[in-house]
Amino acid sequence: MPALVVLFFVSVILLYYVLLYSQTRQKIIKSGELSAATSAEQIDKYLSVGIDMMQLECYSLNNMIRSGKSRQEINDFFVNQSSAISSITDGASEGLYGLIDGEYLDGIGWTPDTDYVPTERPWYIDARANIGRVAVVDPYLDLQTNTVMLTLSKTLCDATSVVAMDYSMERLQAITEEVAQAESDMEIVLDRKYQVIAHSDRAEVGKGYITEKDTFGGALVEKLRSTDDSFFSLRFGGADYIVYAVPVANDWLCLSVFNATNEFGQLRQMLFFTIVASFLVTAILLFILIHSNRKTQLARQLNEKTERAIAASRAKSHFLANMSHEIRTPINAVLGMNEMILRESENEDILTYSENIK
C-alpha cells in the first residue's frame, strides 16, 4: 500500500511536470510570436516606403511615356528623382535606373560595361514576371560597400520598359539587432532561397543556410522546411531552441529564436531529483516493510513454537494423569489383598513375601 501511495504521488509529479513544461513552452512561443510580429511589422513598414516611392516614380514615368517625352527629358527625370530619393531615404537608395524604350538609363550616372545586358538582369526579369505590381528582387551582397541590397522594380505602361531602384538592407539589419536585444535571443530574416538577409549577428549576413551542413543555420532550415507550423522546437549542439516564423514581403521569413536550454534544463533537473527522491523514499519504505515483515514472521514462529510446547505439556500431563488413574486402581486392589494376607496368614514365608510386596 505505501508503494502504491508513492507511485500515485510520482504520477502526480510527472503530470505536474508535463503541465509546467507545456506552460513554459507556450510562454516562450508567445514571446516568439510577439518578437517575430514586431520585426515583420517594422520590415514591412520599411519596405513599404520604398515600394510607395517606386509606385510614385512609375506613375510619373508612365505619364511622361504617354505624353511622348523625349529620352533626354526622361533621363533628366531620373537624375533629379535620384537625388530626391537619396535625400528622402537618408542614403538607403542612390536613385533610379532602368531600361526605357530599349536604352539603359541611370540616375546616378553609372555607365555599365559593354557585356552588361539589362534584359538578363534579375531586376528586369522579375519586373516582367510581375507586371502590374512592384517586384521585390532577392537581396544581394554589394562587394564594394559590404552591405546587403535589394532591388525594387516595375514594368511601365509600354510593357517593355522597366524602372528599378536599389534599396539598402542596413535598416533591416538594425531592426533585427534591436529586437534581439529587447525581446529574443536571435532574429533572422531569410529570403525565399533561405539566404540570410539580416541577422542579429552580422557575421551571418549573406550566408546560404540551405547549403550548410552541421551548422545551426543548416539545422534551422532543415527543420523549417519539414514543418507547416508557425513555430517549432529545435535541438542543436546540446541546446534547446524554440523558433517562431512570420512571413514578410516577397515570401521572406522573419524568425525569432529563443534559447530555452536554461528553462527546460531546470525543469528536467527538478523532474530528475523528484524521481530520485521518490525512488529513495520507496526503497526506504520497502526496507522498513521487509524488516517489519521479518520480525512479524519471527514472532509468529515463536508463538507457534510456544503454543506447540504448551500443547505438548498439556498432552503429557493429561497422559500421565490418565495413566496414573489407570495404574492406581489395580495397584490398590493388589495392595488391599496383600494387606488381608498379612492380617490372616500365619505362615512365616508367606508373611515375608507379603511384606516384600508391601
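Is E103 buried, partly exposed or exposed, and what is its relative accessible area? In this predicted model, where local features need pLDDT of at least 70, side-chain atom pairs count only at pLDDT 80 or more, and totals for chains, interfaces and linings use all residues, E103 is partly exposed, with a relative accessible area of 30%; here buried means under 20% relative accessible area, exposed over 50%, and partly exposed in between (1.4 Å probe, protein chains only). Residues are numbered from 1 along each chain as its sequence is written, and side-chain values use heavy atoms, with hydrogens and water left out.

The structure contains 6 salt bridges, a salt bridge being a side-chain nitrogen of Lys or Arg within 4 Å of a carboxyl oxygen of Asp or Glu. One of them joins the side chains of E103 and R71, with an N to O distance of 2.3 Å. This pair connects distant parts of the chain, as E103 lies in strand β2 (residues 103-106) and R71, 32 residues apart from it, in helix α2 (residues 71-88); helices (H or I, at least four residues) and strands (E, at least two) are DSSP runs, numbered from the N terminus. R71 is likewise partly exposed, at 41%, and a network of salt bridges links R71, D101 and E103.

A salt bridge is also formed by the side chains of R202 and E177 (2.7 Å, N to O). This pair, too, links distant parts of the chain, 25 residues apart, with R202 in the loop between β7 (196-199) and α5 (216-225) and E177 in helix α4 (residues 170-182). R202 is partly exposed, with a relative accessible area of 46%.
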